[in-house]
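Please read it alongside the sequence and the coordinates.

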Amino acid sequence: MSDMTASSSPSLPRDPAGRKPRVAVVFGGRSSEHAVSVVTAGAVLRAIDRERYDVLPIGITADGRWALTADEPDRMVIDGRTLPDVASLAGSLDGTVALPVDPVNREVVYTEPGAVPKALGQVDVVFPVLHGPYGEDGTLQGLLELSGVPYVGAGVLASAVGMDKEYMKRVFTSFGLNVGPYQVVRPREWEQDPSAVRARVVAFAGTHGWPLFVKPARAGSSIGITRVTGPAGLDEAIERARREDPKVLVEALLTGREIECGVLEFEEGPRASVPAWIPPADGFDFYDFEAKYIDSAEGVVPAPLTGAETAEVQRLAVAAFEAVSGEGLARADFFLTDDGEFVINEINTMPGFTPISMYPRMWQASGLSYPELIDQLLRTALRRPTGLR
């Protein structure tokens, strides 16, 4: 165990009977990032110390059903271009798994049609490794708050703000953080007057130049994003983004380097990892889903920055974490512009934990191994009460 973990984490909370804390790893979900969540869960299941924790894997199918799944991390991987899903991991989709909305009862219950519900035992903490809407956006966090079950990661507000890129930027601006130029295309205005939207976005491009990046306001993993080089591609790009989210964000191009920085909560407060640099991916217009997960574009850890630049991005990452009322963990993404200014692009309150993800790589370079990182997150969650805090 590294000195960082040993000096920052007290002993694990223990049941009076000496029972190990039980972790429900919840993954999958209804968003377009379903497969990424499955891969993340596989990596987390592989890394959890089974001497310290009991584990219960719970998958949420793409249509929203909660299912018991096999504890088989080796099946939860991207195989070539084949993406994993919860349905293939579940023993049966006839039964359902449920947490009771009862803060004095943490029993997980499994129910099959025509059968007596079966209690699966108490859950002490949930590790929700869901990405995107219906999991990373405060919805699942609200359910866990009602259930009184501690969980890893951000609460309801921080999760919702971290998912909605418009309000994320508004919060950052209110705390004095620099954001890039952007426009919001709301559902009603596009449906009622698309010509006015086109004119506004073209005028925006007249000020900031082409290309523009059109993206869903509440999605991740670069899904639904289009690099638009002129007015002719605008409608198609907006419609593509709207297939993921009816609210769309249009952002100006920022030239410079993409820099990421991890934030992790310790007992004394949040700390930043060493940063990473995301170099341009060969053969791709930008760092999209294929570059991230299929072709596995490599980030550089630590980022080739000066000491002053490293200290500044670490300061800003923690400031962004605090601005959204973050808890547990986050990854803050920046552009270091050609004139030497850091501009924050977004914060991810449940960053990817796949074997190639930048968040665990940055913490490994900071002295915290993958299993130690998982352990730190679980310790923090077990210390934290649900409810107002």
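The charged end of Lys169 is placed over the ring of Tyr182, 5.5 Å from its centre. A charge sits over a ring when NZ of Lys or CZ of Arg is within 6 Å of the ring centre and within 35 degrees of the ring normal. The model is predicted: local features need pLDDT of at least 70, side-chain atom pairs count only at pLDDT 80 or more, and totals for chains, interfaces and linings use all residues. Residues are numbered from 1 along each chain as its sequence is written, and side-chain values use heavy atoms, with hydrogens and water left out.

**Tyr134 and its surroundings**

- The ring of Tyr134 has the charged end of Arg30 over it, 3.9 Å from the ring centre.
- Tyr134 is found in the loop between β7 (125-128) and α3 (139-147); helices (H or I, at least four residues) and strands (E, at least two) are DSSP runs, numbered from the N terminus.
- Although Tyr134 is not a glycine, its phi is positive, at about 65°.
- Tyr134 is partly exposed, with a relative accessible area of 44%; buried means under 20% relative accessible area, exposed over 50%, and partly exposed in between (1.4 Å probe, protein chains only).

**Other backbone features**

- Most residues other than glycine have a negative phi, and most peptide bonds are trans.
- Ser325, in the loop between α10 and β15 (329-337), has a positive phi near 60°.
- The relative accessible area of Ser325 is 41%, so this residue is partly exposed.
- Trp210 and Pro211 are joined by a cis peptide bond with omega of about 0°, and Pro211 belongs to the loop between α7 (194-208) and β9 (212-216).
- A cis peptide bond with omega of about -5° also joins Val301 and Pro302; Pro302 is in the loop between α9 (289-294) and α10 (307-323).

**Aromatic pairs**

- The structure contains five aromatic pairs; rings of Phe, Tyr and Trp (its six-membered ring) pair if their centres lie within 6.5 Å, with planes under 30 degrees apart counted as stacked, over 60 as edge-to-face and the rest as tilted.
- Phe127 and Phe353 make an edge-to-face pair, 6.2 Å centre to centre with 90° between the planes.
- Phe127 is in strand β7 and Phe353 in the loop between β16 (342-348) and α11, so the pair ties together parts that are 226 residues apart in sequence.

**Nonpolar cores**

- The largest nonpolar core has 34 residues; such a core is a set of buried Ala, Val, Leu, Ile, Met, Phe, Trp, Tyr and Cys residues joined through side-chain atoms within 4.5 Å.
- The residues with the most contacts inside this core are Val25, Phe27, Val44, Phe127, Leu264, Phe353 and Ile374.
- At least two residues of this core come from each of β1 (22-28), α2 (34-47), β7, β12 (256-266), α11 (358-365) and α12 (370-383), and α12 gives the most, with seven residues.
- Another core, of 26 residues, lies apart from it and includes Cys261, Ala320, Val324 and Ala332.
- Neighbours within four places in sequence left aside, Val25 is in contact (heavy atoms within 4.5 Å) with residues including Ala41, Val44, Leu45, Ile48, Val55 and Phe127.

**Helix α3**

- The buried residues of α3 are Leu140, Gln141, Gly142, Leu144 and Ser147.
- Their cover includes β1, β3 (66-68), β7 and α4 (156-163).
- Gly148 follows α3 and has a positive phi, near 75°.

**The three-stranded sheet**

- An open sheet of three strands has the order β4-β5-β6, with antiparallel pairing; two strands pair if DSSP finds at least two bridges between them.
- The edge strands are β4 (96-98) and β6 (118-122), each pairing on one side only.
- Strand β5 (residues 107-111) is joined to β6 by three bridges, and the two run antiparallel.
- β5 and β6 form a hairpin with six residues between them, and Gly114 in the turn has a positive phi of about 75°.
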